[in-house]
Amino acid sequence: MKTNIGVFFGGRSTEHEISVISANQAINAIDKTKYDVTPVYVTKEGRWFTGDALLDLRNYRDMKGLEKLAEEVYMRPVYGDYNLYYSNPKGMFSKKNVAARLDVVIPVFHGANGEDGTFQGILQEIDIPFAGCDTLSSANGMDKITMKMILRENDIPVVDYVWFTDRQWFSQRDALIEKIEKQIGYPVIVKPANLGSSIGIGCAHDRSQLLEKVEDAGRYATRIIVEHMVEQLQEINCSVLGDCDEYQTSVLEEPIKTTEILSYTDKYMGGSKGTEGMQASQKKIPADLPADVTAEIQRLAGETFRVLSCHGVSRVDVIVDRATGKIYVNEINTIPGSLSFYLWEASGLSFPGLMDRLVALAVKRKNSQDRKTTSFSQNIFALGGGSKGGVKGGLKGVKA
């Protein structure tokens with residue numbers, strides 16, 4: 001029997017539509033002679049659906065209508081239960097209630113509630129093989145503040161920054177403004193800490209703009225980061241594939257922006273209909289850089305992937321300061337738009353080949369984890385109750 005891959009996408013995220021596009025691309029690239037595919041669409045309200053209607057992007061023009069063309073499903077957070085169940089049972093017998101048994105899951109979420117480790121936690125609880133970062137690396141990669149702390153601790157260069165919560169901004173605004181102006185200085189870039197796709201991000205060249213951009217970022221996140229803005233910047237992206245112990249880097253790309261910073265429109269609406277995902281953005285592949293600069297960016301991308309304990313395919317975005325030649329890691333996308341397949345095609349790996357690698361990596365990690373000890377065989381409740389060091393002493397004050 002063929003391996004059945006569950007591709008999960010959509011989700012309660014501002015990047016919902018981009019996730020749908022990326023997943024559609026991934027599903028089309030999967031070799032159907034080797035694998036079966038079960039699409040699982042998560043609505044903006046968090047409901048799960050499956051069915052062939054999910055494979056036609058035209059159906060997403062009416063998302064509520066799409067729900068009527070598909071079947072609502074769920075998974076139980078039970079160890080070893082890889083079944084996808086119908087929410088509305090088909091009959092009295094359990095076999096009729098199972099929509100599919102999944103062998104491997106490939107999450108293709110972008111942004112909050114999917115790329116940030118929340119969904120990965122469900123998969124780890126079930127213990128099903130899945131592609132991509134686990135809960136910890138997903139969370140660290142998604143949160144720009146935590147990510148930069150880890151990178152700086154590991155001598156990976158990042159631009160200067162100040163971070164705070166929306167409540168701190170409300171109660172300590174004047175002190176935070178003074179800190180930003182003294183420690184960083186204008187211009188700055190203001191970002192929600194846990195979003196991608198350039199949503200909620202803005203440049204501030206003075207105090208009035210800073211107030212405006214922080215207010216906008218606070219609409220999307222409770223944690224906000226303000227970064228030094230490199231004015232003569234060149235943005236370069238590099239994809240990384242593998243696990244933190246064994247990985248390879250792709251050729252580099254230079255996205256072409258039409259505004260001060262790369263916008264949502266630049267990234268996703270470069271095609272005629274705006275439905276081609278990250279591959280539709282205007283870019284140079286490979287980026288026109290000296291060989292030594294290319295090698296250093298690939299090294300930093302690999303190190304970022306490694307120190308964050310990443311897995312599967314990611315994309316690391318860096319900034320080159322044309323004025324000084326310095327290179328800074330800007331962020332990592334642990335589930336990149338279009339899975340960065342176009343960078344791997346330019347590196348000699350086809351999109352179907354990339355999907356093969358993701359499945360193989362998922363199975364490899366599961367096999368490795370299965371060799372680890374996950375429980376301690378000693379039962380403290382079976383120890384002698386009379387000893388001071390036993391259960392009686394350890395549970396003193398606990399009512400039976």
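Is E331 buried or exposed? E331 is buried, with a relative accessible area of 10%; buried means under 20% relative accessible area and exposed over 50%, with partly exposed in between (1.4 Å probe, protein chains only). The model is predicted, so local features need pLDDT of at least 70 and side-chain atom pairs count only at pLDDT 80 or more, whereas totals for chains, interfaces and linings use all residues. Residues are numbered from 1 along each chain as its sequence is written, and side-chain values use heavy atoms, without hydrogens and water.

E331 forms a salt bridge (a side-chain nitrogen of Lys or Arg within 4 Å of a carboxyl oxygen of Asp or Glu) with K144, and the closest N and O atoms are 3.8 Å apart. Because K144 belongs to helix α6 and E331 to strand β16, this pair ties together parts 187 residues apart in sequence. Helices (H or I, at least four residues) and strands (E, at least two) are DSSP runs, numbered from the N terminus. K144 also counts as buried, at 4% relative accessibility.

Helix α6 holds K148 as well, and E227 lies in strand β11 (residues 223-228), so their pairing ties together parts 79 residues apart in sequence.

D317 is buried at 8% relative accessibility, and R315 at 3%. The whole structure contains 26 salt bridges.
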